[in-house]
Each structure stands twice: as C-alpha cells, then as structure tokens.
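Please consult the sequence and the structure alongside it.

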Amino acid sequence: MEIPSERTGVLILRVWVEGGRPDGFRARIVPTGGGHQTAPSAASAVDDVLTAVRAWLDQLLEPEG
C-alpha cells in the first residue's frame, strides 16, 4: 500500500473584462504549491491562462524524486 502524498496547492485566478470588450480580457494568476508561493503573474489571452494552469498542475503532479 502506497502512503498518500502530502502535496497540495492552491491556484487563484482572477479574471475580468475591461470595458466589456473581448480584447479587454485580463487575468491575474497566483499559484502556490509544494510549501511555497511563487510570484503572481498576469495574462491578457485565454491561451496564456490555460498554459499557466497546465504548468502549475504539471509541477504539482510531477513524481517526487
């Protein structure tokens, strides 16, 4: 039986549209995980937000070694 990992993380996404226009998309990304917090970042494209979420998940889920 494998002992469960204590790895946890929180990803805070704040998303808004400035001026009600699709090109006004903005996001603030605040990731934590592995017992430390990394610097917040900003994005103005959906693909950039998705890339940041994927990178955070990949880091959190990478095998311990």
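Q: How many salt bridges does the structure hold?
A: This is a predicted model, in which local features need pLDDT of at least 70 and side-chain atom pairs count only at pLDDT 80 or more, while totals for chains, interfaces and linings use all residues. Residues are numbered from 1 along each chain as its sequence is written, and side-chain values use heavy atoms, with hydrogens and water left out. A salt bridge is a side-chain nitrogen of Lys or Arg within 4 Å of a carboxyl oxygen of Asp or Glu. The number of salt bridges in the structure is two.

Q: Which residue forms a salt bridge with E18?
A: Side chains of opposite charge can pair when their charged atoms come close. For E18, the closest N and O atoms of the bridge are 3.5 Å apart. E18 is partly exposed at 36% relative accessible area, where buried means under 20%, exposed over 50% and partly exposed in between (1.4 Å probe, protein chains only). The partner, itself partly exposed at 26%, is R26.

Q: What is the N to O distance in the salt bridge of R21 and D23?
A: R21 is partly exposed, with a relative accessible area of 46%. D23 counts as exposed at 54%. Their side chains meet in a salt bridge with an N to O distance of 2.9 Å.

Q: Over the ring of which residue does the charged end of R14 sit?
A: A charge sits over a ring if NZ of Lys or CZ of Arg is within 6 Å of the ring centre and within 35 degrees of the ring normal. The charged end of R14 is 4.4 Å from the centre of the ring in question. That ring belongs to W16.

Q: What pattern does the chain follow along the sequence?
A: Helices (H or I, at least four residues) and strands (E, at least two) are DSSP runs, numbered from the N terminus. The chain has one helix and four strands. Read along the sequence, their pattern is β-β-β-β-α.

Q: With which residues is V49 in contact, its neighbours within four places in sequence aside?
A: V49 is one of the five residues of the largest nonpolar core. Outside its sequence neighbours, V49 is in contact with L13, F25, A27, I29 and A43.

Q: What distance separates the C-alpha atoms of D48 and A27?
A: D48 is found in helix α1 (residues 46-61) and is partly exposed at 45% relative accessibility. D48 and A27 are 21 residues apart along the chain. The distance between their C-alpha atoms is 9.3 Å.

Q: What distance separates the C-alpha atoms of T32 and L60?
A: T32 lies in strand β2 and is partly exposed, with a relative accessible area of 22%. T32 and L60 are 28 residues apart along the chain. Their C-alpha atoms are separated by 9.2 Å.

Q: What percentage of the residues of the chain count as buried?
A: The chain has 65 residues. The proportion of these that count as buried is 17%.

Methods
Core = buried A, V, L, I, M, F, W, Y, C linked by side-chain atoms within 4.5 Å. Contact = heavy atoms within 4.5 Å.
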